[in-house]
Amino acid sequence: MGIALDIHERKQAEEASARLAAIVSSSTDAIISFDPEGGRIQTWNEGAETLFGYTRGEVIGAPVDLLLPQDGLAALENQTGVFDLVKANGKAEVESVRRSKDGRLLDVSITATWITAPDGRALGVAGIFRDITARKQTERALAAERARLDAIFKTVPVGIVIAEAPSGRILDGNPQVETIFRHPVLPSPDMASYKEWVAFHPDGRQVEGHEYPLSRALTSGEVTAGDEYLYQRGDGTYAWVRITGAPIRNAEGQITGGLVAIVDIDKEKRAEEAARQGEARFRKLIEASPIGIAIGDLEGGYSYGNPAIQRLLGYSADEFAQGKVPWRGMTPPEWTGKDDEAVHQLTTLGVAEQFEKEYIAKDGRRVPILIGASMVKRVGASGEDAAAYVVDLTALKQAEADLRDREALLSGIFQSAGLYTGVVELLGDDVLYVMANARNAGLFGRSVTEMQGTRLSELGTNPEAVAHWLGFMRECYAKPEPTVLEYPFERDGVVHHYLGTYTPLPRGSSNRPRLALVSLDISERKRLEEQQVLVTRELHHRVKNTLAIVQALVSSTARYATTIAEFQQSVMDRIASLAKTHTLLIDDQWGGAALRDILLAELSPYDDEIGHRVRLEGPDLHLPSEAALAISMAAHELTTNAAKYGAFSLPTGHVHVAWTLDRATSGERLLTLIWEEHDGPLVQEPTRKGFGSVLLQRVLGRQLGGQVEVTYAEEGVRVRLTALMPQTH
C-alpha cells in the first residue's frame, strides 16, 4: 500500500512537471532558470530564444554574463543585486537592460522567483523576461518631450499662465510673466480674483475679471486671437500687452483648464503711435511744403498731389485722387527721353536722379520744373509707387533770363564802351587780371582771353611800378567809396593821360581783395585844356597888342588928319579893317589866316565880280597871326589910298596883286608881294608922307623884318614887299 501510494505520487509529480514544461516551452515570454549561485543558465525556452537570439544548446551551462551589457561590472552588480533580492524575499520584480546575441540592448522586465525542493534544498532562480523596449522608448520620448516642453515653457519669450477649470485657480506661470508684468504670478484662487490683474481696454475702460481671455476660455471655451490691453505693471508703469487665450480639453472634449499667452507689445504700440504721430506731422509738412510732392505709378499717372503741385499744375486734390493727372500726358515730346531714363533708374535702382524738364499745366502753360523721385511702399497694399518732388523753376528761369539779358547788356557795355575796364585781384606781391575788355587788353597788346589770369608783372611793368600800383590798390580796397586817380601812360611812344576809378568789389571764390577798374582816356581833354591855357595867354597878349595897335592908329591918324571928320572916318575905317582880320584869326582859332582871304576882305567891295578890277595871283599861303594883322593893315591902307587917289577912284582902274614864296638863303621862307595899280589917274609923288606910308614902313618893314619899296609911276602906284615868313602848320 505504501509502495503504491509512492508510485502514484511520483506519477502525479511527473505529470505536473510535464505540464509545467509544456507551459514554459509554449510561453511567448522568455523563461530562464539559473543555478542557485546565479552563475550559469539551467533552462532556456523558445521565448528566450526569440527574445535573445540564442538557441538552447548555445546557452545551457553558459555564464549569466552572456546576457549582460558590455559594461560587465555594472551589469554584474545589477545581476548580483537581483539574486540577493530574490534570495532574501523569495521573489523580485525589476526592470533592467540585457544584451541579445546580435549585440542589441534590450529593455526588459524581470520577474524572478527563488525555487526550492520539498526538502528545502535550493534548486535555483527562475526568471520571466519580457521585452519592454518599446514601452521604455515611449517613456523616454515622453520624458524628453516633457523636458522640452518644460524648457519651452520656461524660456519662451511670451508669458504663459495656466489655470484649472472650472474654478479658474491659477496653477502656474512662466518667468516671462513676471518679466512682462514686473510682479510675480498672482495665485488667484478663482476667476473673481482676476480683478487683481489691473488692465485697461484701448478705449480706457478697466478690464473686468470675466473679460479676460483666460476667463472666457474657461467658461465658454472661447479662443481669442489676441486682445490688446494697457496693463498696470507692478512698478506702477503701464505697458501694452497682447493676450491670446484657449481652453485645455481632455479626450472627451471637456474643458479641464485654460491657457493664455502674453506678449509685450509696448515698444511696438508706442512705435506705432510715434509712427502715426510722425506720419501726421509728415503729412502736415507735405501739405504745407512749398515744394510739390506727388505719388504715382510708373505707367504715367499720379494718384496724390500736395497743395503746392495742385497750384502749380492747376489740378484739384480730387483729380489727383481719381487718377486724372497723367504725368506722361503732361510731358512735352522733347522731354519723354528724360522721363524714360528716370523710369529705368527707378526700376533698377529704386531712385531717379533729379533733372530739369517741363510740364504742361491744365491751362496749357509750360511750367519749367526740377524733378526727382524714389520708389516707396504702398500704404495698406502690396507693391510700390513712385514718390516725386517737383520744384517750380518759373521764377528761377525768369531770373536766369533776366540775368542773361543784364549780363549781355553789361558785357556789351563792358566791351563796347569807350572806356578801359577790367577786374583785378590783389595777390601777395602782384596784381592779377581776372577780366578786361578789348580796349583795356589792347593797351598791353593782349587779347581779352590772354588778359584773364595774367599778372601785372607779366605785362612789361617793372617791379617798382608793380609795387606802387599794388600799394595804391590796397589803399583803394580799404576805402568804402571808389577812388579816382588821374595818371599818365605811355602807349606807342606817346604819353596818354587817363582818369581812373577804382571800386572795391566783394571777394570772389579765391577770397582775394578784388577791384573794378574803369579808366577814360582824357588825353584830348588835357590837350584842349593846355591849348585853352595857351589861347588864354595868347588872347591876353593879343588884346594888349591890339589895344597898342588901336592906340597907335588913333595917335598917328590924329597927327596926319587935317579935319576932325577926316580923323573920325580914318579911325573908323582902320579899326573896321582890323576887326575883319581879327574875325579871320578867330575863325582859325588864332592860328593865322590865308593871305588871299585877307586881301579879299579889303578889295572885294571894289571888285566887278568878273575879275577885271581886282586880280589876285599867287599860291595858297597861310600867314601867322602877327603877319596876318600887319599885312591886313597894309592892305587896308593901300586899298583906301587906291579908292581916294588911285585906281579905284576911276571906273576904269584896276589893281593887280601878285605874290610868290621862295626859299631864302637862311633856309626860311621869303614872301614877295607886289601891289600894282593901273588905269587910274596920273600919279604924282606926294610932297609929304601920310599915315599910310608911315604904316607900310613901320608895320611891314619893322614888324615883319622885311623891306618895302614904293614906286609912284604915272600909270599907277607900285608897292613891292619882301618879308621872312615863320613856319606854320
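User: What counts as a polar contact here?

Analyst: A polar contact is a pair of N or O atoms within 3.5 Å; within protein, one atom must be able to donate a hydrogen and the other to accept it, and residues adjacent in sequence count only if both atoms are side-chain atoms. The model is predicted: local features need pLDDT of at least 70, side-chain atom pairs count only at pLDDT 80 or more, and totals for chains, interfaces and linings use all residues. Residues are numbered from 1 along each chain as its sequence is written, and side-chain values use heavy atoms, with hydrogens and water left out.

User: Which backbone oxygens does the side chain of R613 reach?

Analyst: That side chain reaches the backbone oxygen of L650 at 2.8 Å and the backbone oxygen of G653 at 2.9 Å.

User: Is R613 buried or exposed?

Analyst: Buried means under 20% relative accessible area, exposed over 50%, and partly exposed in between (1.4 Å probe, protein chains only). R613 has a relative accessible area of 15%, so R613 is buried.

User: Which residues does R613 touch?

Analyst: Contact means heavy atoms within 4.5 Å. Not counting residues up to four places away in sequence, R613 touches residues including Y606, D608, F648, L650 and G653.

User: Where is R216, and is R216 buried or exposed?

Analyst: Helices are DSSP runs (H or I, at least four residues), numbered from the N terminus. R216 is in helix α7, residues 213–220. R216 is buried, because its relative accessible area is 19%. Leaving aside neighbours within four places in sequence, its contacts include H210, E211, D227 and Y229.

Technical notes
Helix = DSSP H or I, 4+ residues; strand = E, 2+ residues; numbered from the N terminus.
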